[in-house]
Amino acid sequence: MAAVPSPLSAFSLRPAVAGDFDAYMGAFEAVAAEGRWMGAEAPIDRAARRAGFDRAVAEDASTLVLADAAGEIVGAVYASISGGIVDLGMFVAEGHRGGGVGRALLEAVIDWARAAGAHKINLAAWPTNHPAVGLYARYGFRVEGTRRRHYRRRSGALWDSLVMGLVLDDDSPGGPGRLAPVRPPIVVPAGGIHTRTGDVVSARHGLAGGRSGRPEPNDDRAGEVAFVGEGVVLRPWSRSDAAAIVELVDDPAIQRWLPLPDPYTLDDAEEYIAGTQVQLTAGTAVSLAVVAGGRLVGSVGLRLDARDAGAAEIGYWVGAAARGRGVASTAARLLSDFAFDTLGLRRVELNAAIGNHASRRVAEKAGFEAEGVRRAWRLVDGVPADFAVYGRTAGSAPA
């Protein structure tokens, strides 16, 4: 592989050569010392890693591609192939992240894997490594599972690890056993999902919902108010939202219905946000922040049916300041429209506790029709509760 100047930044990609070992290991050790991004931990045993480096340089079954910025190694990707499956590991040095180095390295190794006749690429990532997980997802990698408490760190802690894969061969027959539903990747538009200019939603006071089928906060105040719909935007969660989530859910109306830790801490919020990103990457669910008037006010999410590629369940909640303004019904309508138009679903279901009257009003405002009751379906405060079932199908529209 010849050196390839990158159009993204002042670096180029080239295959490693024997004389690169010390410079490569210097960059590798620096990233390992951060303790956040890779499995290797400092200090690194260079002698133990020399043999692997030499194989990558000399053998056709493996490759090591370096990102070189004016003679400095600023990133690298290692890959090896066996049985048609490529395993890879990658790093980008601090100070060079976000400038296209990771993208260029990943593209290079995908090209190498295709040329080598691979049918799949495997990798592992920490669940908290959001930039890497997001990068892999943009190139078609999907979360295939979690190795729970899998890696023993030198501190004695046991860390989870995400398993991700990119399928390169979609043509060969599959099997045995039941095949998982085939769905397109979930791609949230860069600007979020938002209402059209001029949309106005009228809603009763008191907004509530059920996240992934669980009931959520309600407020039984009466009255009708109008809300200008173009002020609602649904966007992916960010780590910077954690403090706002803690503040929003510190609310008796929310605590009444949501099965939340008490007290709900910043760590709980960060874990929730990380989980939403993993689910989005895995293609199993999409949970989005609800922003109204430029402020974070709540959450809305879809959990896709594991057996039926055309069905999902929706849930939502909003904080006290946004209740009674049509925010929850707007969010539920927007996300279910997105599910029909972009994900190709035929049905979205909503479940709300019989006593959660505000949630049920929101469902009806968003175009969901009452279909029946699930008796003693889920526990609320440890007590079996009946749930009303609502459904909306493709082609239906809110009243």
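Student: Which residue in E16 is the bridge partner of Ala285?
Tutor: Arg303 is the bridge partner of Ala285 in E16. This is a predicted model, where local features need pLDDT of at least 70, side-chain atom pairs count only at pLDDT 80 or more, and totals for chains, interfaces and linings use all residues. Residues are numbered from 1 along each chain as its sequence is written, and side-chain values use heavy atoms, with hydrogens and water left out.

Student: How many bridges join E15 to E16?
Tutor: Strand E15 (residues 285–292) and strand E16 (residues 295–304) run antiparallel and are joined by 8 bridges. Strands pair if DSSP finds at least two bridges between them. Strands (E, at least two residues) and helices (H or I, at least four) are DSSP runs, numbered from the N terminus.

Student: What about Thr276, buried or exposed?
Tutor: Thr276 counts as buried because its relative accessibility is 5%. Buried means under 20% relative accessible area, exposed over 50%, partly exposed in between (1.4 Å probe, protein chains only).

Student: Where does Thr276 lie?
Tutor: In helix H7, residues 266–282.

Student: And what is Thr276 in contact with, leaving aside neighbours within four places in sequence?
Tutor: Trp237 and Ser287. Contact means heavy atoms within 4.5 Å.

Student: New topic. What is the order of the open sheet of 8 strands?
Tutor: The order is E9-E14-E15-E16-E17-E18-E20-E19, with mixed pairing.

Student: Which are the edge strands?
Tutor: Strand E9 (193–194) and strand E19 (369–380), each of which pairs on one side only.
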